[in-house]
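Hello,

Here is the structure you asked to look at. Please open it first, then read the notes below.

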Amino acid sequence: MNRTVNASAGEPVAPGGCIGILGGGQLGRMLATAAAELGLTAHVYCPDENSPAFDVAAEKTVAAYDDADALARFADNVDAVTYEFENVPAETVRILTEHAPVRPGAQALATAQDRLAEKTFIAEQGIRTAPFRAVDDAAGLAQAIADLGTPAILKTRRFGYDGKGQTRIEADTAPQAALDEIGNAPAILEGFVPFEREISVIVARGQDGAIAAYDPVENIHKNHILDRSFAPAALTPGIAAEAIEIASTIVRELDYVGVMGVELFLLPESAGNENRLLVNEIAPRVHNSGHWTMDACLVSQFEQHVRAICGWPLGSAARHSDAVMTNLIGEDAADWTTLAAEPGCAIHLYGKTEIRTGRKMGHVTRLFPIGELPVTRN
Ligand code: AMP
């Protein structure tokens, strides 16, 4: 292939350029589509040859994430590399970085991959998190339980998602049994947060340091998987601004480039609860709770991420409509004809041929005039 790699430091990736995406799921698919809208192409790298993102990518590589030759070839043929999942091995990033700019960078990825590093970094910024302790063995867990009390949540430091790799600790839980449940992996214990609601902020930071944040949304989970996002979350202007400020501080202090999802807990309003927001976790990538931006904003989170990693100016994160995003999980997607016929409902299907329980098959976004979001949250 005869193409010029044009992303030397400081130069934006111009239309005609190619972004490399590690990971071939729905997030990679929607990133590749957004890239195409900007006149760019996408090269998707994924070990699974049935990846949904391959359908919409100009180039594909089917290879393992530790295949050094394939990684080098891939990165040599793109202008910038990004990823759609945070568990990219550090060695993979190191190899890629020798051949192309990787955005977001290695430091942000390392911080977000490890719950201990993540919470330590966030707390260092003066931002609240659940109280936490590092746990390496049963004695350490017993001490952490003594420090933080019960209930508490034991989470693996790495590779947790959608509630996987965690278990609840009650007063009568035996430390070793809890560690067995999470495979005896290095862990952290978190004090239980009696939150009122869960919200998130999708924030983008460009290579010039500009920051664009979407309005905070409220998230409802079912079976540990995101079910719905309400945009905007019903928050006082002060709390909404504080949530955006927290997310902005995190991307600024990480010198981050790209879109990040910042998940927060909102504590109930009560005496002594002046500081009601705590960060639960950060995702160094586009995020499920930002899918509504595809239909309710001028510039979606996917376009925003492509703009950021390519050194373009960020676009507006303003919302032209209120929105409820509902994930289509498993059999929900079988209802596609009804959903497609519904006025005011945008349907997005991920091209996954096999319906499986708990599998994210697509999502729908229902739009409402600003200020007319339904209040039902159940
Ligand atoms: P995570 O994998 O950290 O996002 O956790 C999955 C879900 O578990 C969150 O969305 C919360 O509903 C719940 N959760 C996680 N950590 C805590 C905590 N420290 N206190 C209370 N609930 C939590």
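In helix α1, Leu27, Met30, Leu31, Ala34 and Ala35 meet Phe302, Glu303, His305 and Val306 of helix α10. Contact here means heavy atoms within 4.5 Å. The residues of this contact divide into seven nonpolar, one polar and one charged. Ala, Val, Leu, Ile, Met, Phe, Trp, Tyr, Cys and Pro count as nonpolar; Asp, Glu, Lys and Arg count as charged; the others, Gly among them, count as polar.

This is a predicted model: local features need pLDDT of at least 70, side-chain atom pairs count only at pLDDT 80 or more, and totals for chains, interfaces and linings use all residues. Residues are numbered from 1 along each chain as its sequence is written, and side-chain values use heavy atoms, with hydrogens and water left out.

How do the two helices cross? The axes of α1 (residues 26–37) and α10 (residues 301–309) come within 8 Å and cross at roughly 70 degrees. That makes α1 roughly perpendicular to α10 (65 to 115 degrees). Axes are lines fitted to C-alpha atoms, over the stretch in contact, and angles run from 0 to 180 degrees between N-to-C directions. Helices are DSSP runs (H or I, at least four residues) and strands are too (E, at least two), numbered from the N terminus.

Now a loop. Ala174 sits between β7 (166–169) and α7 (175–181). Ala174 is partly exposed, at 42% relative accessible area (between 20% and 50%, 1.4 Å probe, protein chains only). Ala174 and Ala152 are 22 residues apart in sequence and 13 Å apart in space, C-alpha to C-alpha.

Best wishes

How values were computed:
Parallel < 35°, antiparallel > 145°, perpendicular 65-115°, else oblique.
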